Structures are given as C-alpha cells and as structure tokens.
Amino acid sequence: MRNVAALTQRELAASFLSPVAYIVAAVFLIATGYLFMTHTLVEGEEAAIRPLLDGMAWLLVFALPLLTMRVLAEEYASGTIEALMTAPVTDVEVVVGKFLGVLVFYVALLAATVVHVAVLAAYGALDSRVVLYGYFGMILLGALYVAVGVFASSLTRHQLIAAIIGMGLLSLFTLVVDAFAGWQGGTWRVVLGYVNILRHFGDFSKGIVDTKSIVFFLSGTAFFLFLATKVLESRRWR
Amino acid sequence: MIRVQNLTKMFGERRAVDGISFTIEAGEIVGFLGPNGAGKTTTLRVLTCYTPATSGSASVAGHDVFRESMAVRRKVGYLPESAPLDTHMRAREYLNFRGKIRGLDRAGREAAIKRVVDLCWLGDFIDRPIHQLSKGMKQRVGLADALLHDPKVLILDEPTIGLDPTQIRETRNLIRELAKRHTVFMSSHILPEIEATCERTIIIAGGRIVASGSPAELKERIRGGSRLIAEVHGPEGEVKKALSAVEGVEALQCESENGWHRLTIEPQKGRDPREAIYKVVKDKGWSLRELRLEVGSLEEFFVQITAQQAQQRMGEKREARS
C-alpha cells in the first residue's frame, strides 16, 4: 500500500510537470466552456447540466488517452522500467499506482469544470441531485477511461501509438457501438448496448444512480487494470 | 551469495545465455567479462528478477530469484546499464522516491540519502534536476540508488561506461571500497576495468562461460601459451638443429634475414630454457642479440578465447543447417 502511495505521488508529480498534461487540460477546459455556452446556455430553453456532462464524456475519449499515454510507454522507452521492476514493488502496485496518479490529475481537472455549475447555481434553482450524481458518474467514467489508457500504454514503448490505441478502444466502446446498435437488432443490440459506455453514463447525467451501471464501470476499470498488469508481466519474458 | 545453475535464457530461437553455472561467495568482488552481446546483461537481469530464465536456476542471498523475487529485490542493489533515471525529478526527489518503494521511513530515507551522497560524491548536484546532469553524474546517482538500502549484494552493469578517465578511476576506487562491505558482481566488456577492480573474473562469450579465475590464475593459464624469442647469428641449419635439441624446447620456427635468425620457440609446459639456449649459443661461438620470454597478455587471451568461441558457434550453426 505504501508502494502504491509512493508510485501515485510520483505519477502525479510527473503529470503536473508535463507540458502535455497542461495542454490537454487547457484544451479540455476551453472545449467544455464552449459546450457550456452553446449547449447549456441556450436562449429560450431551460439551462441543464446534462448536455455539458454528455459532451465532456465524449471529449474525454480523446483527452484522457493523451494523459495516460506516457505512464508505461515512457518507462519502456527510457529504460526506467528496469530500475522500477527490480525494486521490491509488484506489477499490480506499479499499474495501480500509475492509474491512481492520472486519476487524481483528472479529478483535479474535473473540479475546474465545477465553475460552470456555480454559474448555473448563481442564476437559477439547480437540481443538486443531478449535479452530484452527474459528477459521481464523471469520476467513474474517468476511472474506466484511465484504466483503458493505462492498458494501451502498457502495450507499446511509443507514446503516440499508446494514445491512438487508447482513443481507438474508447471510441469502440462509445461512438462505434452507439452507431452499430442503431443498425443491429436482437441479441446484438443487447450486447452492444451493455458495453456501450455512454449509455451507462447517460443514467448518471440524468440524475439516476443505477447499481448495474456502477458495477459496469468498476468492473470495466478492474478488467483493464488486470489486462495492463498481465501485459506488464508478459513483457518480462521477452 | 550468488548461485547460478545451468541457467539458460532464450529469446525466441536465440540462446542469449546457454547453460551457465557459477558461484560467488559472500564478500567477493567478481568481474563478469565478455564482448558485447555475450549475455552479460541478460544474466544480470535474471539475477535481479527483471527477466525470468528459460531454464536452470539462480539464487541471490539465499533466495531463489523466481520464487522469492521480492526477497531478492530487497537484498540486491542493482545499477542497470547506462543508469536509467526519472529525468523530470531532482536527484534528491528521485532517491527519496526510490527509498520509499524500498520501504524506508522518512528518517531512514534522510539518513540513507545523506550516506550515499557522501559515498558517491553527489554533494554539489543532489538538488539539480536529473535531466541537467552529465552522464557521469547520472551514473553516480544510479549507483547511489543501488546503495540506498545498504544491500548485501551489489550488481553493477557496466558501471564505468561513458565516464571520463578521472571518473573511471574514482568509480573503481569506490567499487573497491564498497567491496569491503558488500558482495559485488560487476560486468564489463573492457578487460583492464575488471583487472583493476576484481579479485576474480568470469569470462563469458556467446552465452557460455569460457574461463574463470583470479587475474593471476588466468595469467597462469596464459603462461602455458607464452613463447621465447631469440635472435641468433650463425649457420641456419646448425642453429636450428642445436636449439631444437636444447632441453625444454618443444618446437621452434625460424625466420632468417642477413644471416640473423629470428627464432620463435615454444617451450615445454612449465619450462624456461633461456639459460640453456644462451649456453649453447655461447659454446658454439655464435652471436646472440635478443633473448626474451613473451608472456601473452590477458587482453590477447580474452580476444583469443572469445574468437574461438565465435568460430565454434559458427561451426555448430553450419552443422545444424546441413
């Protein structure tokens, strides 16, 4: 546990020192601000938080892999993985530490978007339950995205490839399955619907907490972290 | 302290390490010598639990590297080749992080960092970002990291590569100093490096151990291959005949120029017939302008056995193909 804390801290420091993280954060915040102006503050309509959250979930498909691409790929490329994995830390600790490091950075980023909520609260009655559940969902969603990103980064020593794999996987479970489910019927529709991240997230942004969706996010996160650990382990043999 | 038995590591079809065995006792300082690509780094990576072996076994400080990996890692200080470090940190932050994952508490870390800063002369640049440090300084930070937890066994992969001559000398002194308290196993592809630092040398080539022993023992083995050089003036046939008959001469070769004969004499094992040769030349009334024993250098020996090994492997491959 102490190892995980040390690794998380190191990862977080690396994020806060990385120019890439700042660029991603800046672009993400500008984009969410734009979404807020165009989708939430629409003249003549009720201002709702939901389109903002849905928009962020979509943006993060591209933003989070850029934050996670570094975590293992850079270690492979620079050789620091050798120093790390000959120290008394387990592969699971390495993966979890890296995951938590980026997750904490993401939560900090998310906290900055609360400013939009504050604007809404200042000018009207806010459904606090929707906001609370919505942000809870955002954290669960972010955890799953980060786990997918860490897995992608475990596969290659090239950060750019890690980012592309991460975006590809996340697109698959969000945008692609969404489109496919529209064309398919029957069993396929059910299966594709179950792995559709955005469908599960939709509940949260509507202000509903469904246990099934919580289980979906947590188990998905655990699954991809497990895969990343296995990949890390298998790299030792090569 | 380090025990390796029949260790083999395959990368696909290629045998990087081919059934090697050796033992290193506590307190020894042992050099691991071999040309580039001989399997040194791979062996060290198996010993430090970075890479599992394909077959065979290895134990360090009494723990099996595969089954008790964590115990081994706690007792080993490892300096990987070219000392990879987290460049975004300052040296002190890096050592602090490394101390944490080695389970040292705050006070323990502070004391440990102070100790290794003194040992590795990090004084001036401990608070500089690592990416600003020169290669030699980084190497020292890497060494400081390997020493942080006061390990029983130090495994150093090419510890002086990329250093300038002064730093090389300092590092050698440091390693010799460390050997008083730690068991040291260091690799190098440069022979004088090992000769200057180690009590014992294990030579590896083509994934196999080709020789091992103290520099003196290795030199002794070479002495078997040493030759006498004599330059004699006299009638060629007689000179050859007379000197071949000298006791202790196994064989000789002769090159003649202007009546001078340059003789390359192979002595019988353990014999030195220089005096007898002088007496024969003197009795016959010939002239002698050179007589010396040519001892092969360790360097030559190293080149020779590694070349032999390479040839042997080529031969095996050809056989396997046909």
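**Close-up views of a predicted two-chain model**

**View 1. Confidence along chain A of the predicted model.** In this predicted model, chain A has an average pLDDT of 89, and 99% of its residues score at least 70. Among the elements of chain A, the highest mean pLDDT, 95, belongs to helix 6 (residues 91-112) of chain A, whereas the lowest, 78, belongs to helix 10 (residues 186-195) of chain A.

**View 2. Helix 3 of chain A against helix 8 of chain A.** Helix 3 (residues 50-68) of chain A and helix 8 (residues 128-154) of chain A have axes that come within 9 Å and cross at roughly 30 degrees. Because angles under 35 degrees count as roughly parallel, helix 3 of chain A is described as roughly parallel to helix 8 of chain A. The crossing in which helix 3 of chain A passes helix 8 of chain A is right-handed.

**View 3. Residues where helix 3 of chain A and helix 8 of chain A meet.** From helix 3 of chain A the contact includes A:Leu53, A:Met56, A:Ala57, A:Leu60 and A:Leu64, and from helix 8 of chain A it includes A:Gly134, A:Met138, A:Leu141, A:Gly142 and A:Tyr145. Taken together, the residues of this contact of helix 3 of chain A with helix 8 of chain A divide into 13 nonpolar and five polar, with no charged residue.

**View 4. Strand 1 of chain B and its two partners.** Strand 1 (residues 2-11) of chain B runs antiparallel to strand 2 (residues 14-24) of chain B, to which it is joined by eight bridges, and B:Ile2 has B:Ile24 as its bridge partner in strand 2 of chain B. These two strands, strand 1 and strand 2 of chain B, form a hairpin with two residues between them, and in the turn B:Gly12 has a positive phi of about 65 degrees. Strand 1 of chain B is also joined by five bridges to strand 4 (residues 55-60) of chain B, again in an antiparallel arrangement, and here B:Thr8 is paired with B:Ser55 of strand 4 of chain B.

**View 5. The side of chain A that touches chain B.** Between the chains, 18 residues of chain A are in contact with 21 residues of chain B. The elements that give two or more residues to this side of chain A are helix 1 (2-17) and helix 5 (80-85) of chain A, and helix 1 of chain A gives the most, with six residues. The residues on the side of chain A that touches chain B divide into nine nonpolar, five polar and four charged.

Terms used. Residues numbered from 1 in each chain as written. Chains lettered and ligands numbered in written order. Predicted model: local features only at pLDDT ≥ 70, side-chain atom pairs only at ≥ 80, totals over all residues. Axes fitted to C-alpha atoms, helices over the stretch in contact; angles between N-to-C directions. Helix = DSSP H or I, 4+ residues; strand = E, 2+ residues; numbered from the N terminus. Parallel < 35°, antiparallel > 145°, perpendicular 65-115°, else oblique. Left-handed = near helix turned anticlockwise from the far one by under 90°. Contact = placed C-beta atoms within 7 Å. Nonpolar A, V, L, I, M, F, W, Y, C, P; charged D, E, K, R; others polar. Pairing = 2+ DSSP bridges. pLDDT = per-residue confidence, 0-100.
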